[in-house]
Amino acid sequence: MKSVRYRAAPVRWGNVARCRCEQTWMCRVRLLLLCFCLLLAMTLTLALSLSNHHTVYHDLPPRPPDLFKDKLTHQPGNPTVAHLKRLVSLVSWERLWYAHLRPFLTERQPGTRGNRAVRNHIFSRLDSLAAGWSVDVDSFISETPRGPISFSNILAVLDPTAPRRLLLACHYDSKFIPADPSEPHKVFIGASDSAVPCAMMLELVTALDLHLKKHKQLMPRVTLQLAFFDGGEAFEQWSQTDSLYGSRHLAEYMSSIPHPVGAEQTTLIDAVDLLVLLDLIGAPDPMFVNHFENTARWFDRLIAAEKRLHDMGQLSSHPKEQSYFVKDLNMGPVEDDHLPFLQKGVPVLHMIATPFPSFLHTLEDTADKIHRHTVENLTKVLVVFLAEYLRL
Ligand SMILES: [Zn+2]
C-alpha cells in the first residue's frame, strides 16, 4: 500500500511542475464542475420541493362534499384590478353581435325549424371552444294548448364530475305572436326575450374560454353549467301548465339523477350552488333588483362589480357609478324559468330588467332596440361575477 502511494505522489507533483498552464486549466474545469454540481443540486431541491407541494395538494384526502353547507359558505375570490382589466378586455361586442346574436334573430318557437336551427347554432358555438364542454340535450314531448309539442333543453357543463355547479341560464325559444296583417312579413323575434341573454352567455364562455379551460384542469369543487331552456314562453295564456315547459322538465330531470355518482340522498339539483337566470336584457337603462333574501350577498357582488368597473373606466355610456343594480327595492316577484328550481330549494339570482322593456311581447322587440353599450357593460359585469365566483 505504502509503495503505491509513494510512487503515485511524484507523478502528481511532477505534473504540476511540468506545466502551470495545465494546472490553471484543471482548476477552471474543477470550478466549473463544482458550479455545475451546485446548480444541479439547487435545481433538484427546487423541483423536489415543488413536487412535494403538488403532491400534498393532490394527496389531501378529499373532504366529502356537503352540497347544502358548501353552497352557503362559498367564498368568492378577489381578483386584482389588473386581472379584471385583462378579463373584461376579452369581451368582444362584434363577436357577441355577429357570431352569437345574429342567428337567434329569427322565429324559434318550440318544435319549429327555426328552433332547431338556433339549437344547432348553440351546439356549434359551444363545440368551437377549447375548454371542452360536455353538452347534452334534454328532449321531451309535452301536451300544450296546441297539442303535443317536442321541446329540447340544451345543457352544457364544464366538468360533470365536479361536486357543485354555478348554473347560468336563459330561454332560447321565442313566443308565438301573431303577425300584424298590415305588415305580414314582420315576425316576433324576441331580441331581448331572450336572444340577447343567450348571446351574452355564449360570449361569456367564449371570452373566458382559456381561463375556463385552466379552471377545469384544476378540478375545482365548483364548475360552471349552462342551461338554454326551450318552451319558456306560454303558447296562449300564461298558466302553471302553459309556460316554463323546459325549465320544469329540467328541474325534474336534475332532481332524479343521483349526485355525486352513487349518492343516495342528493341529486344534481342539490349540486346547484346558485341559478343565475338572465332575461329581458338589451333595452337601454335597465334596472335590476334582488328578488330573494337568501341570495342578497350575490346580488351585492353584482352591485360591487358595476361600481368597480365604472371606477376602472371599463364601462361605456355609464355616467353614474351605480346605474343598473339597485339594492333594497322591491319590484314584486316575476314568474320565470327559475320557478321550478326555486321550488326545489335552489338559490336564485334573477337578472331580469324591471320594469319590463316597453316593447315586451310585441313585434317591436327587434335588434334595432338593443343598446350596444348596455349589453356590453352587463356582459363585463358578469365576467367579474364569474371570475369572482369561480376564482378564474
Ligand atoms: Zn317572453
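Leu 244 sits in the loop between β4 (222–229) and α9. This is a predicted model. Phi of Leu 244 is near 50 degrees, which is a positive value in a residue other than glycine. Leu 244 is buried: 24 other C-beta atoms lie within 10 Å.

**The whole protein**

The protein has 12 helices and eight strands. It counts 392 residues, and buried residues make up 39% of them. How many of the contacts between residues at least 6 apart in sequence join residues at least 24 apart? The share is 78%.

The average pLDDT of the protein is 89, and 86% of the residues score at least 70. Two stretches fall below 50. Over residues 1–21 the pLDDT is below 50, and this stretch has one contact in the model beyond near neighbours in sequence. Residues 48–59 also have a pLDDT below 50. Beyond near neighbours in sequence, residues 48–59 have zero contacts in the model.

**Helix α12 and its partners**

Two packed helices are described by the angle between their axes and the distance between the axes. Start with helix α7 (residues 191–207) and helix α12 (residues 372–390). Their axes are 10 Å apart, and the helices pack at an angle of about 50 degrees. That angle makes α7 oblique to α12. The crossing of α7 and α12 is right-handed.

Which residues of α7 meet α12? They are Val 196, Met 200, Glu 203, Leu 204 and Ala 207. On the α12 side, they meet Val 375, Leu 378, Thr 379, Leu 382, Val 383 and Leu 386. By class, the contact of α7 with α12 has nine nonpolar residues, one polar residue and one charged residue.

Helix α4 (residues 81–88) also packs with α12. The axes of α4 and α12 come within 10 Å and cross at roughly 125 degrees. α4 and α12 are therefore oblique to each other. The crossing of α4 and α12 is right-handed. From α4, the contact takes in Leu 84, Leu 87 and Val 88. From α12, it takes in Lys 380, Val 383, Val 384 and Ala 387. The residues of the contact of α4 with α12 divide into six nonpolar, no polar and one charged.

Phi of Arg 391 is near 55 degrees, a positive value in a residue other than glycine. Is Arg 391 buried or partly exposed? Arg 391 is partly exposed, because 15 other C-beta atoms lie within 10 Å.

**Cis peptide bonds**

Helix α7 returns here. Ser 194 is found in α7, and the peptide bond from Asp 193 to Ser 194 is cis. Omega of that bond is near -5 degrees. Another cis peptide bond joins His 259 and Pro 260, with omega at about -5 degrees. Pro 260 lies in the loop between α9 (245–254) and β5 (272–279).

His 291 is found in the loop between β6 (288–289) and α10 (296–311). Ser 152 lies in strand β2 (residues 147–157).

| Residue | State | Other C-beta atoms within 10 Å |
|---|---|---|
| His 291 | buried | 22 C-beta atoms |
| Ser 152 | buried | 21 C-beta atoms |

What does His 291 touch, not counting residues up to four places away in sequence? It touches Pro 333, Val 334 and His 350. His 291 and Met 351 are 60 residues apart in sequence. In space, His 291 and Met 351 are 9.0 Å apart, C-alpha to C-alpha.

Ser 152 touches Arg 119, Val 137, Asp 138, Ser 139 and Asp 230, again leaving out residues up to four places away in sequence. Ser 152 and Ile 141 are 11 residues apart in sequence and 8.7 Å apart in space, C-alpha to C-alpha.

Conventions
Residues are numbered from 1 along each chain as its sequence is written. This is a predicted model: local features need pLDDT of at least 70, side-chain atom pairs count only at pLDDT 80 or more; totals for chains, interfaces and linings use all residues. Axes are lines fitted to C-alpha atoms, for helices over the stretch in contact, and angles run from 0 to 180 degrees between N-to-C directions. Helices (H or I, at least four residues) and strands (E, at least two) are DSSP runs, numbered from the N terminus. Angles under 35 degrees count as roughly parallel, over 145 as roughly antiparallel, 65 to 115 as roughly perpendicular and the rest as oblique. A crossing is left-handed if the near helix is turned anticlockwise from the far one by less than a right angle, and right-handed if clockwise. Two residues are in contact if their C-beta atoms, placed from the backbone, lie within 7 Å. Ala, Val, Leu, Ile, Met, Phe, Trp, Tyr, Cys and Pro count as nonpolar, Asp, Glu, Lys and Arg as charged, and the others, Gly among them, as polar. A residue is buried if 20 or more other C-beta atoms lie within 10 Å of its own, exposed if 12 or fewer, and partly exposed in between; C-beta atoms are placed from the backbone. pLDDT is the predictor's confidence in each residue, from 0 to 100.
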